[in-house]
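This report describes how the parts of the structure shown below meet one another.

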Amino acid sequence: MNSLDQIFVTLKQWLLSYVPTDFQPVGSALLSIVAIIAVFGTAFALTTILERKGLGRIQNRPGPNRVGPCGFLQPMADAVKMLTKEDIVPYAADKVLHYLAPIVLTVPIWLAFAVLPFGRNMSAIELDASIVFFFAVGSASELAVFMAGWSSHNKYSLIGAMRGIAQMISYEVPLVLSTVPVLMLSGTLNLNEIVNAQSGFSFGVGQWNVFTPWGAAGFLLFMIAATAESNRAPFDLPEGESEIIAGFLTEYSGFKYALFFLGEYLGLFAVTGLAVTLFLGGWNAPLAFLNVVPSWLWFFAKFGALIAVFIWARGTVPRLRFDQLLNFAWKFIVPLTLVNIAVAGIWYFSSDHLAYAVRWLICAGIFLGFYELLGRFLSLKRAPRTYRYAE
Amino acid sequence: MSTLRKEISNGSFCGGIDVDSPLRHFSGATRTTNTNGFAHDLLEISMGPHHPSTHGVFRMDVIVDGEEIVQLKPVFGYLHRNHEKLAEKNSYLGIIPYTDRLDYICSMTNNWAYVLAVEKLSGFQATERAEYIRVIVSELTRLFNHACLVGFLLQDMGALGTPLMYAFREREKILDLFESLTGSRMMCNYMRFGGVRCDLPEGWLDEAKKVVSDYPGFIDQFEALITGNEILLARSQGVGVLSRELAISAGVTGPMLRASGVNYDIRKTDKYGIYSRFNFRVPLGDHGDVFDRYMIRVLEMRESLKILEQALNQIPAGPIIDPKAKNRGLRPKAGEVYSRIESPKGELGFHIISDGSASPYRLHIRPPSLINLTILEDMCLGQTIADAVIILGSVDIVLGEVDR
């Protein structure tokens with residue numbers, strides 16, 4: 001069983017054994033790059049088709065089902081269409097920036113995958129501060145959105161970029177703050193060690209961070225911020241197609257548009273992978289006897305489940321307005337993440353004095369109390385409406 | 001006439017931006033100072049005529065301060081097809097198919113409004129069975145018009161197709177009924193002077209009863225899906241408020257007027273057709289915002305179902321058209337008539353002047369969409385672009401009717 005778990009690691013070492021010693025670091029990096037691009041490129045293609053099919057089911061229609069078996073070759077057809085389309089650059093556009101924006105979006109996102117542990121001994125590079133590296137490269141997408149919006153010289157693009165920057169910067173704060181409790185409790189910035197810290201089992205159930213009060217709250221807050229960060233419904237304002245056509249993407253066509261599309265999905269994959277790593281135990285099995293299943297399968301199972309949640313949300317909720325979106329971030333999500341940090345501190349220091357269940361109830365109570373208070377304070381006091389009838 | 005021509009030529013007619021207005025020169029951004037004393041820029045955005053949320057070829061000339069709307073001009077006329085002038089060259093009967101294309105999703109009510117006007121002009125009376133059929137098809141039209149409207153409204157709000165597809169599923173059922181009745185799904189061309197074109201096919205009433213009895217399930221499901229949704233409430237309550245006074249003085253009619261709290265339903269006030277025989281109520285809103293307009297449509301669907309249940313059970317046998325009513329070669333005596341009905345969008349009126357010849361001397365249509373659209377700016381000022389889109393969605397316009 002262990003051989004299946006480590007099959008990709010063994011494969012890589014076997015391939016590296018044919019490389020001269022001096023070139024082994026380079027060879028190792030190249031092999032990792034190829035693996036990541038292949039796996040997540042395929043995941044991108046699969047997600048687009050599954051998303052369209054899933055949305056179709058939610059909306060009482062079959063979804064794409066013409067190309068290939070059950071429509072599963074649709075991504076290929078889309079790729080061919082995108083590549084053969086005319087690449088239109090507006091006359092008034094800033095051509096250099098217009099050209100660079102999709103590249104600036106897509107390239108740094110690939111770097112974020114370098115630090116994610118996809119399985120036991122399966123992260124491309126071992127960094128002591130890997131989560132800091134992750135957020136550093138992840139925040140480059142703001143720049144790309146701004147470049148795209150500004151260089152297109154289109155009013156809708158400009159508004160889209162304006163919305164995009166405000167939204168992404170606002171949600172970057174809770175995204176980072178909601179990970180702080182995990183870092184505090186695991187005492188490390190290294191994602192591999194964070195996963196190792198969650199590898200134990202109590203009563204046969206994995207000791208994942210999400211099963212603690214601060215972890216559950218942090219996970220929900222992280223997921224909300226991640227939705228906003230990756231511009232997905234109900235936070236898809238920068239591209240809100242019913243309001244501003246396609247936002248910062250309005251003037252993009254052909255392969256550049258496809259690159260933006262790819263970049264957005266990769267951003268989504270990266271934060272989803274981080275959510276799995278930080279809160280859902282990474283590649284650990286949920287139950288002790290399931291440890292026989294290879295670790296990388298667990299990672300991708302959890303990853304797929306979270307992606308499904310994103311698709312489900314996209315099919316069900318309307319879009320927020322811009323001011324409501326920012327109010328939600330700064331007045332609600334950010335204070336709650338701060339409270340959550342305090343709760344994590346209480347959890348840590350009460351470990352010697354209180355029984356597990358009592359500790360759990362106290363910490364959950366504190367967080368929910370703040371949640372309720374904040375909710376009451378910010379509530380718009382909407383009375384339920386009644387309607388008169390005239391005979 | 002000369003003043004009208006002048007208005008048309010200088011562009012101030014029909015909501016075109018006045019050529020003399022200083023805002024005409026806003027080519028891009030212009031520097032102004034707001035109340036805080038900070039210098040900042042205004043931006044003119046031409047939303048439409050090709051825009052995903054303008055429901056056709058309609059343009060909003062919007063001047064925004066950030067995302068807040070400072071000025072908005074509705075610009076229409078892109079779909080003008082000369083309908084009223086065409087009527088002057090056509091026979092009275094030949095005009096009926098053109099009315100299908102006014103409000104192209106509610107052809108039945110358009111037919112009825114026109115036919116009713118001609119009947120009033122020439123003194124015909126529809127037969128008993130035809131009156132019932134007219135009520136049934138019109139209320140079915142109202143059902144799917146309102147369903148589509150709430151679907152499109154939520155689509156504009158960013159709910160990515162799901163509510164719209166649910167609404168369209170119900171619309172399909174009613175369109176299937178129309179297809180089996182008239183041979184056409186949308187351009188029904190069904191009503192005639194003194195009655196209707198053809199009788200109900202075998203088993204049609206049972207199918208219609210089934211559609212009507214299933215419909216409350218759809219409304220319940222739809223409401224469970226979205227009405228209590230926090231995002232919907234936050235987006236629509238207090239947005240695009242239309243005051244009762246402005247609604248009345250602007251001539252707004254239909255669900256939009258009733259959402260502002262005015263009890264005015266032509267089915268009740270005029271009692272045209274046989275509406276006096278049915279027991280139904282008129283829902284009224286108090287706030288006049290987008291949410292009220294949404295809810296009024298939902299509640300009106302429930303009231304329409306009541307009418308339909310009564311009409312489907314009471315419909316008598318008999319002729320569907322009065323044999324004395326002349327359809328081909330109709331030459332009404334010289335005169336003038338204005339007749340109106342409560343179409344799903346509001347007061348749909350036909351003003352016909354006859355000079356005794358085979359075609360009208362003048363035919364004028366009072367389209368509810370156009371009149372309801374004129375106060376768009378008043379509702380949108382101070383709101384954001386995202387609000388303007390849903391306010392427009394809540395007005396319920398069909399460009400075929402606005403531009404004619």
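## Contact between chains A and B

In this predicted model, 31 residues of chain A are in contact with 38 residues of chain B. On the chain B side, the elements that supply two or more residues are strands S2 (39-47) and S7 (282-284) together with helices H5 (128-156), H6 (162-182), H8 (230-236), H12 (290-314) and H15 (385-395) of chain B. Among these, H8(B) provides the largest share, five residues.

By class, the side of chain B that touches chain A comprises 21 nonpolar, eleven polar and six charged residues.

## Strand pairing across the chains

S7(B) also pairs with a strand of the other chain: three bridges join S7(B) to strand S3 (residues 388-390) of chain A, and the two run antiparallel. Within this pairing, Leu284(B) of S7(B) stands opposite Arg388(A).

## The two domains of chain B

Chain B is divided into domain 1, covering 16-75, and domain 2, covering 83-401. The centres of domain 1 and domain 2 of chain B, taken over C-alpha atoms, are separated by 33 Å.

Contact between the domains of chain B involves 15 residues of domain 1 and 17 residues of domain 2. On the domain 1 side, strand S3 (59-65) and strand S4 (68-75) of chain B each contribute at least two residues. S4(B) gives the most to that side, with five residues. The side of domain 1 of chain B that touches domain 2 of chain B consists of eight nonpolar, four polar and three charged residues.

Methods: Residues are numbered from 1 along each chain as its sequence is written. Chains are lettered from A and ligands numbered from 1 in the order in which they are written. This is a predicted model: local features need pLDDT of at least 70, side-chain atom pairs count only at pLDDT 80 or more; totals for chains, interfaces and linings use all residues. Domain bounds come from an automatic or database domain assignment. Two residues are in contact if their C-beta atoms, placed from the backbone, lie within 7 Å. Helices (H or I, at least four residues) and strands (E, at least two) are DSSP runs, numbered from the N terminus. Ala, Val, Leu, Ile, Met, Phe, Trp, Tyr, Cys and Pro count as nonpolar, Asp, Glu, Lys and Arg as charged, and the others, Gly among them, as polar. Two strands pair if DSSP finds at least two bridges between them.
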